[in-house]
Number of protein chains: 2
Amino acid sequence: MFPLIDQIPDLKTLSDARHPLHALLMEIALEEARAAYAEDEVPVGAVIVSWEKGVIARAHNQREQLQDPTAHAEMLAITQAASALQSWRLEGCALYVTLEPCPMCAGAIVQARLPLVVFGAFDSKAGACQSLYSIPQDPRLNHRAMVVGGVREAECQELLRDFFRQRRRSSRTEPEQKLS
Amino acid sequence: MFPLIDQIPDLKTLSDARHPLHALLMEIALEEARAAYAEDEVPVGAVIVSWEKGVIARAHNQREQLQDPTAHAEMLAITQAASALQSWRLEGCALYVTLEPCPMCAGAIVQARLPLVVFGAFDSKAGACQSLYSIPQDPRLNHRAMVVGGVREAECQELLRDFFRQRRRSSRTEPEQKLS
C-alpha cells in the first residue's frame with residue numbers, strides 16, 4: 001500500500017506532467033506493466049490512487065490469461081477501486097497508466113467520474129485521450145477528466161517496444177505461433 | 001437457450017434493420033432490460049449470439065447492484081461470451097443491445113472483434129455507434145464492426161423513458177433520494 005498523501009493535492013498543480021507525485025505513482029504502474037511482461041501479456045500497468053486513502057487499486061493487462069477482451073489494466077483497476085470504495089463514483093481519485101487509454105478505457109474513465117488521468121506513452125494507433133480521440137475531455141459527455149500525458153514516457157514506451165521486439169524474434173524461430 | 005440458427009446468416013442481409021432475426025434477438029435483449037428495470041437499474045439489456053452456437057451471453061445493466069462503473073449490459077455480456085467461447089475474440093458473433101453503446105462499450109466491441117452490433121434506441125447524449133461517435137466504424141482502429149441501429153427502437157426507448165419518468169416521480173415524493 002502506498003503511503004497516504006499528506007494533503008489532497010491541488011488539481012491545478014497536477015496538470016503539470018513534471019509534478020513529483022506523477023513520477024512516483026507512475027513507478028507503481030510501471031511495476032505492474034513489468035509484471036504483465038513477465039506473464040507474456042502486452043506490458044501495460046495501471047494504478048488508482050485516492051487522495052484520501054492512498055493506492056486503492058493496481059492491475060496489469062490480463063487479456064490473454066483471462067481470455068477476456070475487456071481485461072485491460074485500466075478496466076481491472078477501475079473495478080478494483082470501485083470495490084475498495086464500495087462506490088462506482090471514483091471521485092477524489094486519479095488513474096495512472098503506462099499507455100494512453102483506448103476508447104474502451106477512456107469511456108470507462110468517464111463512466112467512473114475519474115477527475116484525473118495520467119498516462120505514460122502515447123498510442124498513435126488507438127489512443128483515445130489525445131491521439132485519435134479526446135473522450136475524457138469531450139464537453140458533450142456528462143463528465144470530464146483532466147488528462148496529463150507523457151509521464152515517464154520513454155520507460156513506458158521502451159517496455160512495449162522491447163516486448164514486441166521479443167515477440168517478433170520468437171515468432172521467427174517458432175513460425176507456427178500466432179501473434180495477433 | 002435460444003435455438004441454434006439453421007445456417008450462418010449472410011452478413012450483408014443482416015445490414016437490413018428489418019431482418020427478422022434482429023427483432024427476435026432484440027426480444028431477448030428487451031427481456032434483460034425489463035429485468036434491469038425490476039432491479040431498479042437503468043433498463044438496458046444485451047445478448048450475444050454465436051451463429052454457430054446460439055445465444056452464449058445475456059446480461060443487463062448492473063451498475064448500482066455491483067457498484068461498478070464498468071457493469072454495463074454490453075460489458076457483462078462480452079465477458080460472458082468470451083468465457084463461453086474460451087476466447088477473447090468474438091468472431092462469428094453478434095451483439096444485440098437495447099440502447100446505442102457508449103464510448104466504453106463501443107470500444108469493447110472493437111476490442112472483442114465483434115463483426116456485428118445491433119441496437120435499439122439511439123442515445124443522443126452518449127451514443128458512440130452513430131450519435132456522438134462512430135467508434136466501431138472507425139477505419140483507423142484495428143477492427144471494424146457493422147452497426148445496425150433502430151431495431152425495435154420504440155419499445156427500447158419507451159422502457160427507458162418510463163423508468164426515468166418513474167424515478168422523477170418518486171424523487172418528488174422522496175426528495176432526499178439522490179438521482180444521478
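Leaving aside neighbours within four places in sequence, Pro101(A) is in contact with Glu74(A), Ala106(A), Ile109(A), Val117(A), Phe119(A), Ala128(A) and Cys129(A). These contacts belong to a predicted model. Pro101(A) itself is placed in the loop between strand E3 (93-99) and H4 of chain A. Because 31 other C-beta atoms lie within 10 Å, Pro101(A) is buried. From Pro101(A) to Ala121(A) the separation is 20 residues in sequence, and the C-alpha atoms are 9.7 Å apart in space.

Confidence in the prediction can be given for the chain and for the model. The average pLDDT of chain A is 93, and 92% of the residues score at least 70. For the model, ipTM is 0.92 and pTM is 0.93.

The nonpolar core was examined next. In soluble globular proteins, nonpolar side chains tend to be buried together. Here the largest nonpolar core comprises 118 residues, and Ala77(A) and Ala77(B) are those with the most contacts inside it. When residues up to four places away in sequence are not counted, Ala77(A) touches Ala46(A), Val47(A), Ile48(A), Ala57(A), Arg58(A), Ala59(A) and Leu95(A).

Two of the residues touched by Ala77(A), Val47(A) and Arg58(A), also stand opposite each other, with Arg58(A) in E2(A). Strand E1 (residues 45-50) of chain A and E2(A) run antiparallel and are joined by six bridges. Strand E2 (residues 54-60) of chain A is largely enclosed by the rest of the structure, because five of its seven residues are buried.

The relation between the two chains was then considered. Chain B is superposed on chain A by a rotation of 180 degrees with 0.0 Å of shift along its axis, at an RMSD of 0.0 Å. That is the relation of a two-fold axis. Among the residues of chain B, Met104(B) comes closest to the rotation axis, its C-alpha lying at 1.9 Å. The same surface serves both copies, since 100% of the contact residues of chain B recur in chain A.

In the interface, 26 residues of chain B are in contact with 26 residues of chain A. On the side of chain B that touches chain A, the elements giving two or more residues are helix H3 (73-85) and helix H4 (103-111) of chain B. H4(B) gives the most to this side, with seven residues. By residue class, the side of chain B that touches chain A consists of 16 nonpolar, seven polar and three charged residues.

Two loop residues were noted for their backbone angles. Most residues other than glycine have a negative phi. Arg113(A), although not a glycine, has a positive phi of about 60 degrees. Arg113(A) is located in the loop between helix H4 (103-111) and strand E4 (116-121) of chain A. This residue, Arg113(A), counts as partly exposed because it has 18 C-beta neighbours inside 10 Å. In chain B, Asp40(B) is likewise a residue other than glycine with a positive phi, near 65 degrees. The loop that holds Asp40(B) is between helix H1 (20-38) and strand E1 (45-50) of chain B. With 13 C-beta neighbours inside 10 Å, Asp40(B) counts as partly exposed.

Conventions. Residues numbered from 1 in each chain as written. Chains lettered and ligands numbered in written order. Predicted model: local features only at pLDDT ≥ 70, side-chain atom pairs only at ≥ 80, totals over all residues. Core = buried A, V, L, I, M, F, W, Y, C linked by C-beta atoms within 7 Å. Buried ≥ 20, exposed ≤ 12 C-beta atoms within 10 Å, placed from the backbone. Contact = placed C-beta atoms within 7 Å. Helix = DSSP H or I, 4+ residues; strand = E, 2+ residues; numbered from the N terminus. Nonpolar A, V, L, I, M, F, W, Y, C, P; charged D, E, K, R; others polar. Least-squares fit on C-alpha atoms with pLDDT ≥ 70 in both. pLDDT = per-residue confidence, 0-100. Pairing = 2+ DSSP bridges.
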